[in-house]
Amino acid sequence: MSASSFVSTGKKIVAIGRNYSEHAKELNNAVPKEPIIFLKPTTSYLPSGGNMEIPKGVVAHYEVELGVVVAKRGRDVPENAAEDHVAGYALAVDMTARNLQEELKTKRLPWTVAKGFDTFTPIGSYIPKEQVSDPTNLGLTLKVNGAVKQDGNTKDMIFSIPRLIHHISTIMTLEEGDLILTGTPSGVGPVVPGDKVECSLNDGSGKQLATLDFNVVRREGGYHYKPE
């Protein structure tokens, strides 16, 4: 198995919530004192160019993120050794059923359903870490129908990538091909069927490292969210 084939061979997606303070504020959430972790199924991956399906009754929000692809198995990884556990990176979008998530949060229930639908993790191609000179200074941009909606930088993360790797690995063992979604900058919002989403990842000099795009469609059949 190679980390470069993480989409087909990785076992889990470990996502981080509220890792950019402005994003936490825009959703009226407190800035966390330690990383907030949730899991997404690998069946939610959607290759670039695909159709992201919105289930009936769902208000779907985009959240563009830097993904970190794990290089090797690790438990209780020290921060100063975290770099050895990074194989590379990927541009990703963490789609969220926002209205469903808000109901679940109100009831103090897990977010799994709101985050775990098929196609709810659009994912770009694998970027070897050798191609990324400074992961702490990467531009993340998301456009909907050509209009810029998110324009952030990884320098604004609350918790660094080494801190995330350390923290996660004290809770669950990280394995080769796992993906860590490192959080989203501010500007999240809804998409509707017919929308076109385009994302880009640029380094500090403005060089484009990756792109990701997908179409938004209505899911036929399957889950139907009916708010209480």
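For a chain of 228 residues, a compact globule would have a radius of gyration near 17 Å, and the protein chain, at 16 Å, agrees with that expectation. The model is a predicted one, and in it the C-alpha trace spans about 45 × 35 × 35 Å along its principal axes. Of the 228 residues, 52% count as buried, while the accessible surface comes to about 10,100 Å², with 48% of it belonging to carbon and sulfur atoms. Among contacts with a separation of 6 or more, 77% are made by residues 24 or more positions apart.

The chain has five helices and 16 strands. Three of the strands form an open sheet with the order β8-β5-β14 and antiparallel pairing. Because β8 (96-97) and β14 (189-191) each have a single partner strand, they stand at the edges, and one side of each is left without a neighbour in the sheet. Strand β5 (residues 60-62) is joined to β14 by three bridges, and H61 has P190 in β14 as its bridge partner.

When neighbours within four places in sequence are left aside, V191 is in contact with M52, I54, A60, Y62, M95, V144, V197 and V216.

Charged side chains supply another set of links, with a count of 13 salt bridges. In one of them E175 pairs with K11, the closest N and O atoms being 3.2 Å apart. Since E175 lies in the loop between α5 (161-169) and β13 (179-181), and K11 in the loop between α1 (6-9) and β1 (13-17), this pair ties together parts that are 164 residues apart in sequence. E175 counts as buried, at 17% relative accessibility, whereas K11 is exposed, with a relative accessible area of 59%.

E175 also meets R73 in a salt bridge of 3.2 Å, N to O. R73 lies in the loop between β6 (64-70) and β7 (86-93), so its pairing with E175 ties together parts that are 102 residues apart in sequence; R73 counts as exposed, at 59% relative accessibility. Through shared partners, salt bridges join K11, K12, R73, E175 and D178 into one network.

Definitions and conventions
Residues numbered from 1 in each chain as written. Predicted model: local features only at pLDDT ≥ 70, side-chain atom pairs only at ≥ 80, totals over all residues. Heavy atoms only, no water. Contact = heavy atoms within 4.5 Å. Pairing = 2+ DSSP bridges. Helix = DSSP H or I, 4+ residues; strand = E, 2+ residues; numbered from the N terminus. Rg over C-alpha atoms; globule rule 2.2 N^0.38 Å. Buried < 20%, exposed > 50% of the residue type's maximum accessible area, 1.4 Å probe, protein only. Areas by Shrake-Rupley, 256 points an atom, 1.4 Å probe, with all protein chains shown as cover. Salt bridge = Lys/Arg side-chain N within 4 Å of Asp/Glu carboxyl O.
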